[in-house]
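Hi,

Here is the model I promised to pass on. Have a look at it first, and my notes come after.

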Amino acid sequence: MADADDDGHVAGEPTPWALGLIVTTVLAVFNAGLLVGINELIGDIRWWFGWLAMAIVAVGIAWTLWDLRMRPVWRWLVAGSYIGLLAGLGSGIVLTFIPH
């Protein structure tokens with residue numbers, strides 16, 4: 001049985017901040033790279049194809065992960081994915097206007 005404090009609240013497991021932030025960072029970098037890669041690959045055909053593909057992938061991933069955002073372990077993965085999706089969308093749009 002878990003220990004209770006003076007107010008009667010039961011103490012849960014400690015939040016794994018270090019590992020959680022590492023997982024969040026890795027997923028943010030992965031998702032940002034995924035969207036930028038999709039934009040670079042498909043955007044070579046037409047620039048708006050790249051944007052459309054990025055939007056479809058981003059909405060699909062975000063929609064799928066939305067229900068998992070409040071679960072103890074999955075919240076780290078969802079947070080990293082959302083940060084990466086936003087960074088990837090922004091980077092993909094900016095990279096469209098940079099000549100290469």
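Below is what I found in it.

This is a predicted model, in which local features need pLDDT of at least 70 and side-chain atom pairs count only at pLDDT 80 or more, while totals for chains, interfaces and linings use all residues. Residues are numbered from 1 along each chain as its sequence is written, and side-chain values use heavy atoms, with hydrogens and water left out.

The chain has 3 helices and 0 strands, running α-α-α from the N terminus. Helices (H or I, at least four residues) and strands (E, at least two) are DSSP runs, numbered from the N terminus.

The axes of α2 (residues 47-65) and α3 (residues 74-96) come within 10 Å and cross at roughly 170 degrees. Axes here are lines fitted to C-alpha atoms, for helices over the stretch in contact, with angles from 0 to 180 degrees between N-to-C directions. The two helices are therefore roughly antiparallel (over 145 degrees; under 35 is roughly parallel, 65 to 115 roughly perpendicular, the rest oblique).

N31 counts as buried because its relative accessibility is 3% (buried is under 20% relative accessible area, exposed over 50%, partly exposed in between, with a 1.4 Å probe and protein chains only). Leaving out residues up to four places away in sequence, N31 touches I61, G80, S81, G84 and L85. Across the chain of 100 residues, 24% are buried.

Best wishes

Conventions: Contact = heavy atoms within 4.5 Å.
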